[in-house]
Amino acid sequence: MSTHSSSLPRSQALAFSAALILPLVLLVCLPWQPFRVNALQSEWLWWPYALTRMVDIPGLAISILALLLLTRYKLALSLPALLALSGALFAVLAGDWVIKSLIKHLTQEPRPYLLWLESQQLIPAIEQFYASQVEVRSEQVHAASQLLALPQWLGNHWQAEVNYAFPSGHSIAAMSLAQFFGLIWLARAPRGVWLLPLWALAIGLSRTLIGMHWPLDVLASALLGSLTALFAARWWLRHY
């Protein structure tokens, strides 16, 4: 196994990380909430949902596989280097999932769409709602989506995610993937690398548009995902 220096200047790593973070800082500072309840019947809203599914199950597995194969092609990786790359990535995603789950349990922040349903008196008071079992919450959201005549895909998505909002697991996954592969591509084969932050930011924005998260949820997720991926990417670059 050959050993390489990271060959990634700190200024480039900071610039790439800033591309993931700074647009979300701007989104948090804006005086409006991207979740627009008057657009819930709009056909265009399906496209943000499609972006969300790219880091959902099974979309996440497909996205990971595509990025791994593309990276192997771009960098002409040996099998040991590819296996190490995969191991480092899965360590990042597993660690992110544990941290995300712990923070959700500690903060217990309601999702935007649930607060809106509460304001429309379509679900019980939010404290009572979250005190119920997950199955009961799902049934209540399903009934509300039926009364509102929401698109089936949106009703199903809301019904499947009745837990807490902060932070965004989908955004963490997208930001981790973008940071991890982005820094590696930037060091070894930079062509097309700036498409990755655009993709991750679009997924983060999609989570707010369909009412699953507040902008601050996505920003915190970007900070967490990019930080853990930074360490893993630099480790891999030093060793392979």
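Reply: Helices (H or I, at least four residues) and strands (E, at least two) are DSSP runs, numbered from the N terminus. This is a predicted model, where local features need pLDDT of at least 70, side-chain atom pairs count only at pLDDT 80 or more, and totals for chains, interfaces and linings use all residues. Residues are numbered from 1 along each chain as its sequence is written, and side-chain values use heavy atoms, with hydrogens and water left out.

Me: OK. Where is Q108 found?

Reply: Q108 sits in the loop between α4 and α5 (112-119). Its phi is positive, about 50°, although Q108 is not a glycine.

Me: Is Q108 exposed or partly exposed?

Reply: Partly exposed, because its relative accessibility is 41%. Buried means under 20% relative accessible area, exposed over 50%, and partly exposed in between (1.4 Å probe, protein chains only). Q121 also has a positive phi without being a glycine, about 60°. Q121 is in the loop between α5 and α6 (126-131), and at 73% it counts as exposed.

Me: Which peptide bonds are cis?

Reply: The one from I57 to P58 is cis, with omega near 10°, and P58 lies in the loop between α2 (46-53) and α3 (59-75). F166 and P167 are also joined by a cis bond, with omega about -5°. P167 belongs to the loop between α8 (152-160) and α9.

Me: New topic: how do α4 and α9 pack?

Reply: Helix α4 (residues 79-107) and helix α9 (residues 169-188) have axes 10 Å apart, at an angle of about 150°. Axes are lines fitted to C-alpha atoms, for helices over the stretch in contact, and angles run from 0 to 180 degrees between N-to-C directions. The two helices are therefore roughly antiparallel (over 145 degrees). Contact means heavy atoms within 4.5 Å; among the residues making it are L85 and L89 of α4 and F180 and F181 of α9.

Me: What is F181 in contact with, leaving aside its neighbours within four places in sequence?

Reply: L67, L68, T71, L85, L89 and L196.

Me: And how many residues has the largest nonpolar core?

Reply: 50, and L85, F180, F181, I184 and W236 have the most contacts inside it. A nonpolar core is a set of buried Ala, Val, Leu, Ile, Met, Phe, Trp, Tyr and Cys residues joined through side-chain atoms within 4.5 Å.

How values were computed. Parallel < 35°, antiparallel > 145°, perpendicular 65-115°, else oblique.
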